Amino acid sequence: MRYLLAALNAKYIHSNLGIYSLKAYAQKRHPSVEILLGEYTINHQPGDILADIYRKKPDFLGFSCYIWNVETVRRLARDVKKILPDTAVWLGGPEVSYDAGQVLKELPGISGVMTGEGEETFSRLAGWYEAGGGEAELSHIPGLVFRAESGEIVSTGPAPLMDLDDIPFPYGGLEGLEHRIIYYESSRGCPFSCSYCLSSIDKTVRFRSLELVKAELLFFLERRVPQVKFVDRTFNCRKSHAMAIWSFISEHDNGVTNFHFEISADLLDGEMLALIGKMRPGLIQLEIGVQTTNPETLSAIRRRTDLDRLRDAVAQLKRFHNTHRHLDLIAGLPFEDMESFMRSFDDVYRMEPDELQLGFLKVLKGSHMEQMAGEYGISYGSEPPYEVLSTRWLDYGRFSG
Ligand code: SF4
């Protein structure tokens, strides 16, 4: 069988680490299986993507679904079945993991949904197709929701959480990626519980061994790739891990590659800051989520931010003049009326970030915020990206005008 894992990225310069990891892991288990990757962007015409899929003629087509691409993926999933009726179409990714049964009802042509972390699930599913297994065997693969021959929708339970060291390095060849942002994962999961975030759900953080991480970073450094973006949800949640990686990239700096990290600035202590202070200007850039400075809001969204420590750390970073600081704020959070929001904005503005990004609350399926939306009077768009329309504290006019 020929397998095609397809991703629709937001921009050409992005790449989808998920499908690279799925392929690397499945090929470790099934070395002779042919797995192709299809990377497109949401700016491609759906007809062009469809034509490319048709040319590749996969027996199995897996789409990776996120809020920014799921509408187009749904359309493609329907149309693929019209031109390649024998192709098994499966969906996976966060945007279909939490209401997979509903997705199957809306897309009767697809075979099923892979929920949660996909490496082991996809690998076992490919093994099942290769063996020509029956429905009974399929129901023993965790992480699937599929339609049984009887028409019943079957869920096989949660997918296993992966040991990151079991996933092979996904960028062996690197062909075609040299000029794109390389996404890299040295940890998965987040120990924190922010109510609007899906990374808070399992609360189990796993780390890739430093020995592997260092060898892989050296691979990028030797090839002088322009940027490596860590997808780790809170990179510095384990100090020893963060310090080891930051020390390594400082010692092996090639003068070109930039590394991007999402961090909690209030977890930066003197030792971490001293290390950053000695780095080449441009070696790293930091994305720091502040989101709000209203204590009542922070408590409602379950963020335990020490604002004084965060402010001090951001000020210290500014004094180094070597690290681009990107700060995030979210509008539409509970207990944040106009006055409170303007205070949060002013507080963050006074931190003098190099970049301030203002986002609107997105009420993601499966998040705690989704459960609390009624209580907070939060209404939000019915279609992705599920952005806030009004809250008990801000009416729609504030968001629209
Ligand atoms: S918003 Fe960031 S810190 Fe909070 S749970 Fe998500 S990844 Fe973790």
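The C-alpha centres of domain 1 and domain 2 sit 29 Å apart. Those domains span residues 2–155 and 171–400, with bounds taken from an automatic or database domain assignment. Keep in mind that this is a predicted model, where local features need pLDDT of at least 70, side-chain atom pairs count only at pLDDT 80 or more, and totals for chains, interfaces and linings use all residues. Residues are numbered from 1 along each chain as its sequence is written, and side-chain values use heavy atoms, with hydrogens and water left out.

Domain 1 puts 17 residues into the contact and domain 2 puts in 22, contact meaning heavy atoms within 4.5 Å. Between them the two domains bury about 1,700 Å², 55% of it on carbon and sulfur atoms; buried area here is the accessible area (1.4 Å probe) that two parts lose on being put together, summed over both. On the domain 1 side, Leu17, Ile67 and Tyr98 lose the most area to domain 2, together 33% of what that side buries.

You'll find 6 salt bridges between domain 1 and domain 2, each a side-chain nitrogen of Lys or Arg within 4 Å of a carboxyl oxygen of Asp or Glu. Aspartate 99 pairs with lysine 365 in a salt bridge, their closest N and O atoms being 3.2 Å apart. Helix 1 (17–29), helix 3 (70–83) and helix 4 (94–97) each supply at least two residues of the domain 1 face that touches domain 2; helices (H or I, at least four residues) and strands (E, at least two) are DSSP runs, numbered from the N terminus. That face of domain 1 divides into 8 nonpolar, 3 polar and 6 charged residues. In this scheme Ala, Val, Leu, Ile, Met, Phe, Trp, Tyr, Cys and Pro count as nonpolar, Asp, Glu, Lys and Arg as charged, and the others, Gly among them, as polar.

In one of them, arginine 29 meets glutamate 120 at 3.3 Å, N to O. Arginine 29 lies in helix 1 and glutamate 120 in helix 6 (residues 119–131), so this pair ties together parts that are 91 residues apart in sequence.

Now for the ligand. The residues around it include Cys190, Cys194, Cys197, Arg233 and Arg303, where a residue counts if one of its heavy atoms lies within 4 Å. The shell divides into 5 nonpolar, 3 polar and 2 charged residues.

Finally, some backbone details. The peptide bond from proline 384 to proline 385 is cis, with omega near 10°, and proline 385 is in the loop between strand 16 (379–380) and strand 17 (388–390).
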